[in-house]
Amino acid sequence: MSVIDILTRVDSICKKYDKYDIDKQKDSNVAGDDAFARLYSSVESDIESALQKAETAANEKNRASVVAINAEIRRTKARLLEEVPKLQRLAVRKVKGLSGEELAARNDLVLALPDRINAIPDGSAAPPKQSGGWRGSGSRTEIKFDSDGQFDNEYFQQTEESSQFKQEYEMRKMRQDQGLEVIAEGLDTLKNMASDMNEELDRQVPLMDEIDTKVDRATSDLKNTNVRLKHTVNQLRSSRNFCIDIILLCIILGIAAYLYNVLKK
């Protein structure tokens with residue numbers, strides 16, 4: 001076989017397996033209208049980000065930061081696993097310009113996603129993988145047991161950092177418990193105050209109703225009294241005018257009589 005035949009064969013093999021290249025799949029489809037390419041590119045980006053966070057957690061010395069990063073990685077993994085069924089539905093859709101082999105390659109990429117996602121380190125103990133049959137517990141030679149059934153102290157020594165982290169955790173837990181107790185006491189006090197106010201309002205409702213009835217009655221009596229008083233005042237004013245008229249008439253008659261006597265003399 002000549003060198004030209006070898007190069008031609010290698011080129012054909014590379015073209016055949018280009019469909020399994022993730023980067024080329026992203027570059028060729030992310031800018032188009034392919035929903036699968038866009039979603040797969042987003043999932044791939046999240047996987048890379050999670051791997052970077054896992055690497056950061058592996059190099060981090062602060063235990064609290066490691067726990068927070070691992071929790072974020074687990075949330076990301078759960079969200080990515082929820083996207084896998086969507087990708088499976090989109091992978092079987094026919095897209096213009098894609099051959100059957102490329103669609104099959106997409107399906108293979110989607111099938112490989114759960115293993116890639118679960119392989120991201122998140123600080124939790126990974127379940128042992130069994131292939132082909134059951135394995136005995138004796139194959140794990142790094143686990144040692146004492147004769148009395150207790151774990152060997154060599155593998156379970158508490159470091160200063162772990163003890164400090166445990167103390168900090170216990171202190172924060174204690175403070176949270178104290179804060180929750182204060183909040184619970186305040187809520188109980190508010191509940192008792194609200195109950196007392198409700199009972200007092202229930203007692204005040206009949207009194208308020210009685211006051212409203214008495215006010216309405218007093219208003220009606222006052223209106224009637226005003227009407228009677230107005231009528232009485234009108235009567236007094238008319239009788240007083242009559243008396244004044246009589247007095248003036250008597251004065252006029254007296255003046256007339258005086259003038260008559262004066263002129264007669």
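Mentor: Start with what counts as an element: a helix is a DSSP run of H or I with at least four residues, a strand is a run of E with at least two, and both are numbered from the N terminus. Keep in mind that this is a predicted model.

Trainee: OK. How many helices and strands are there in the protein chain?

Mentor: The protein chain has 6 helices and 0 strands. Read from the N terminus on, its elements run α-α-α-α-α-α.

Trainee: What share of the residues count as buried?

Mentor: The figure is 15% of the 265 residues in the protein chain.

Trainee: And the contacts, what part of them join residues at least 24 apart?

Mentor: If you take the contacts between residues at least 6 apart in sequence, 65% of them join residues at least 24 apart.

Trainee: Why does Glu60 count as partly exposed?

Mentor: Because its relative accessibility is 32%, and partly exposed covers the range between under 20% for buried and over 50% for exposed.

Trainee: Which residues is Glu60 in contact with?

Mentor: Ser65 and Val66, once you leave aside the neighbours of Glu60 within four places in sequence.

Trainee: At roughly what angle do the axes of α3 and α4 cross?

Mentor: Helix α3 covers residues 35-59 and helix α4 covers residues 63-91; their axes cross at roughly 160° and come within 10 Å. That makes α3 roughly antiparallel to α4, because angles over 145 degrees count that way. The crossing in which α3 passes α4 is left-handed. By class, this contact has 16 nonpolar, 3 polar and 6 charged residues.

Trainee: How far apart are Asp46 and Thr76, in sequence and in space?

Mentor: They are 30 residues apart in sequence, and 7.6 Å apart in space from C-alpha to C-alpha.

Trainee: Different pair. Is α3 parallel or antiparallel to α5?

Mentor: The axes of α3 and α5 cross at roughly 25° and come within 12 Å. The two helices are therefore roughly parallel to each other, and their crossing is left-handed. On the α3 side, the contact is made by Phe36, Tyr40, Val43, Glu44 and Ile47; on the α5 side, by Arg106, Leu109, Val110, Leu113, Arg116 and Ile117. By class, that gives 8 nonpolar, no polar and 3 charged residues.

Trainee: That leaves one more pairing. What is the angle between α4 and α5?

Mentor: About 165°, with the axes of α4 and α5 10 Å apart. That makes α4 roughly antiparallel to α5.

Trainee: Which residues of α4 and α5 meet?

Mentor: Those of α4 include Lys77, Leu80, Val84 and Leu87, and those of α5 include Leu103, Val110, Pro114 and Asn118. The residues of this contact divide into 11 nonpolar, 3 polar and 2 charged.

Trainee: Last one: Asp122. Is Asp122 buried or exposed?

Mentor: Asp122 is buried, because its relative accessible area is 9%. Its place is in the loop between α5 (100-118) and α6 (160-264).

Trainee: Which residue's side chain does Asp122 join in a polar contact?

Mentor: Lys77, through a polar contact of 3.2 Å between the two side chains. Apart from its neighbours within four places in sequence, Asp122 is in contact with Asn70, Ile73, Arg74 and Lys77.

Note on methods. Residues are numbered from 1 along each chain as its sequence is written. This is a predicted model: local features need pLDDT of at least 70, side-chain atom pairs count only at pLDDT 80 or more; totals for chains, interfaces and linings use all residues. Side-chain values use heavy atoms; hydrogens and water are left out. Axes are lines fitted to C-alpha atoms, for helices over the stretch in contact, and angles run from 0 to 180 degrees between N-to-C directions. Angles under 35 degrees count as roughly parallel, over 145 as roughly antiparallel, 65 to 115 as roughly perpendicular and the rest as oblique. A crossing is left-handed if the near helix is turned anticlockwise from the far one by less than a right angle, and right-handed if clockwise. Ala, Val, Leu, Ile, Met, Phe, Trp, Tyr, Cys and Pro count as nonpolar, Asp, Glu, Lys and Arg as charged, and the others, Gly among them, as polar. Buried means under 20% relative accessible area, exposed over 50%, partly exposed in between (1.4 Å probe, protein chains only). A polar contact is a pair of N or O atoms within 3.5 Å; within protein, one must be able to donate a hydrogen and the other to accept it, and residues adjacent in sequence count only if both atoms are side-chain atoms. Contact means heavy atoms within 4.5 Å.
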